[in-house]
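Q: Hi! I'm new to reading protein structures. Could you walk me through this one?
A: Happy to, let's look together.

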Amino acid sequence: MFVYPEKYDVIVVGGGHAGYEAAIAASKMGCHTLLLTINLDTIGLMSCNPAIGGLAKGQLVKEIDALGGIMGRATDDTAIQFRTLNTKKGPAVRSSRAQADRQNYRLWIKSAVENAAGLDVKQGLVEKIIVDGGCVTGVETSIGERFNSRTVILAPGTFLNGLVHIGLVNFPAGRLGELPSKGLSDSLKELGFNLGRLKTGTTPRLDSQSINYDVLEIQDGDYPPRPFSFSTKEVRQKQVPCHITYTNEKTHEIIREGFDRSPMYAGIITGIGARYCPSIEDKIRRFPEKNRHQLFIEPEGYNTTEVYPSGIPTSLPLDIQIRMVRSIKGLEETEIMRPGYAIEYDYVNPIQIRPTLETKRILGLYLAGQINGTSGYEEAGAQGLMAGINAALNVRGEKPFILDRSEAYIGVLIDDLVTKGTKEPYRMFTSRAEYRLVLREDNADIRLIEKGYRLGLCGKDDYEKVKEKIENTKADLLRVSTTKVQPTEEVQKWLKKNGTTPLKNPVMLKELIKRPEVSYASFSELNMLPDGVSSEVIEQVDIQIKYDGYINRQNLLVEKFRKLEKTKISQDLDYDDIPGLSTETKEKFKEIRPVSLGQASRISGITPAAVSILMVYLKKITDSEG
């Protein structure tokens, strides 16, 4: 056994999206940090589709950026197509998505990690967690290295006892062609953690030189591209299109022929897959009435011929995969460069961790990413950032950093995990955020940058820039509320052209902006925008005026929510002493150990009556202590 002579403040195990965000955050907060990963060349690698963002996931990336994380900036510098989703719907559900150059993204992240001050990077397969007196003290690798640390963050992705399936063939792997981490899984079991089994999958990768693009639909990105990071001024790299095609009845017939050799239907795969991202064989079985399914042909980068056919993740045998792909329009002569596959892996039921992402069983041990039952780069990155922050605050002896459900999608994500747990891969949706109208993409910087600045993760220039945006928005809201618009001939003609009712009397500009047929930006045609006003301020004014009533109602709900969150619950509370609670309720409270009355009310199966009993009991304790 070789004991590394230096003791670290934070060790991060894993170089995926959770791992690099955790390591960068901890090191920026002044902690001597070590990132240990199985392969240095795969730090920041996109295991599945080469894209960042998407519905609700875009909100997570914007929040990561506002708190000082790097996912958004890496995407802006390497993306080859940007699109805003749900543009025809309200701002609460609009989300950004970008197609990235897979290798450039990896290299960007690798460079950021390697050049971060106070961050060491080493290659090693961690197989054991070292614990002394209920506190983590370090880790051991497969070649007998021991690294000591005050805190440890585990972010192993799908590598935790990973098993790859292609047809009836299966073999241990963390990703296709890479070693799994079985020893680490065994170490967690030995420490008393309850582990489960999940499954995810990916598509075959195709050679673009063998695709007939002439018969495919072109899908261009947005122009100009809208970046993820609030610090990015402009996206300068060349943008490229994606393409669309569809499966057909012949495709579905071929897939059905392979069911008898599908590891999903042969009972070989025991892990539970993602309900909202099913394999193509699962789609065919679950939706037999559909005669086609959409595929997005997504290029993986400028300097590779590999493309990602989003929409056909599969673990079918390779011969079926080839026939399936070649039955699709435009792909009749396509060559598969890498087969699609399913992967099973271990995870820790997240009811075993605190809202800080520290485990309840072992102090100083944090879990982030797919080990907590989530799916997606964005969910992983958000957890990694929060774990890195809280590990650093732990080392510094400071209060932990917790975002609640009314502050961020990140708060919703973590609260869902630690309060309800999960038995299937958890994916973020806008519908999970009950306060989504105030948790929009466009105001993530307004909501969170001060917190990122106070933590030392955001620079002063970025912070001042957002403060200026807030002040300019307030000033312009006041201006449009006091500016009177006269029913001149020019105004009347313009209103008619835009399909909205002409004026009978003078009105304030604010009242006109409320009309759905026009946007605040469109008033530039009447020279009613002040000189130099930024597009960001225009957007904020437009949204805050148009949705004013809804936002005010949601803010009232947020206030009610926060009253419950302010009623804190001691982690030492003896629930057996509370009269009136059922045995089942007591067991649930003891298992979750809610930190507030609000969290207690969100535990699955807990009734309003039980919450009332708990609230009365807590008040009695407070009164007696007072």
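A: One term to start with: buried means under 20% relative accessible area, exposed means over 50%, and partly exposed is in between, using a 1.4 Å probe and protein chains only. Also, helices (H or I, at least four residues) and strands (E, at least two) are DSSP runs, numbered from the N terminus.

Q: Thanks! What kind of model is this?
A: This is a predicted model, where local features need pLDDT of at least 70, side-chain atom pairs count only at pLDDT 80 or more, and totals for chains, interfaces and linings use all residues. Residues are numbered from 1 along each chain as its sequence is written, and side-chain values use heavy atoms, with hydrogens and water left out.

Q: Which strands does β16 pair with?
A: Strand β15 (residues 217–219) is joined to β16 by 3 bridges, and the two run antiparallel. Strand β17 (residues 294–299) is joined to β16 by 4 bridges, also antiparallel. Two strands count as paired if DSSP finds at least two bridges between them.

Q: Which residues sit across from each other?
A: Glutamate 217 has isoleucine 244 in β16 as its bridge partner. Threonine 245 stands opposite leucine 295 in β17.

Q: What is found in the loop between β15 and β16?
A: Proline 224 is found there. The peptide bond from tyrosine 223 to proline 224 is cis, with omega near -5 degrees. For background, most peptide bonds are trans, and most residues other than glycine have a negative phi.

Q: Which residues other than glycine have a positive phi?
A: Asparagine 161 is one of them, with phi near 60 degrees. Asparagine 161 is found in the loop between β10 (145–154) and β11 (163–166). Leucine 357 is another example, with phi near 80 degrees.

Q: Where is leucine 357, and is it buried or exposed?
A: Leucine 357 lies in the loop between β20 (341–348) and β21 (365–367). Leucine 357 is buried, at a relative accessible area of 0%.

Q: Back to β11: what does β11 form with β12?
A: They form a hairpin with 2 residues between them, and glycine 167 in the turn has a positive phi of about 60 degrees. The antiparallel pair is joined by 4 bridges, with β12 spanning residues 169–172. Leucine 163 has proline 172 in β12 as its bridge partner.

Q: Let's switch to helices. How many residues does α4 have?
A: Helix α4 (residues 102–114) has 13 residues and reaches 18 Å from its first C-alpha to its last, close to the 18 Å expected at 1.5 Å a residue. That expected span is 1.5 Å times one less than the number of residues.

Q: Which α4 residues are buried?
A: They are Arg102, Tyr105, Arg106, Ile109, Lys110 and Val113. Seen down the axis of α4, they fall within an arc of 130 degrees, so they line one face of the helix. The arc is that of the directions from the helix axis to the C-beta atoms.

Q: Why would residues a few places apart point the same way?
A: An α-helix has 3.6 residues a turn, so residues three or four places apart point the same way.

Q: And what about α1, how many of its residues are buried?
A: In α1, 11 of the 12 residues are buried, so the helix is largely enclosed by the rest of the structure. Among them are His17, Tyr20, Glu21 and Ile24. Just after α1, glycine 30 takes a positive phi of about 90 degrees.

Q: What does glycine 118 touch?
A: Glycine 118 touches Ser27, Cys31, His32 and Thr33, not counting residues up to four places away in sequence. Contact here means heavy atoms within 4.5 Å. Glycine 118 lies in the loop between α4 and β7 (119–123), and at 40% relative accessibility it counts as partly exposed. Glycine 118 and threonine 33 are 85 residues apart in sequence but 6.2 Å apart in space, C-alpha to C-alpha.

Q: Last one: how many helices and strands does the protein have?
A: The protein has 19 helices and 23 strands. Buried residues make up 56% of its 626 residues.
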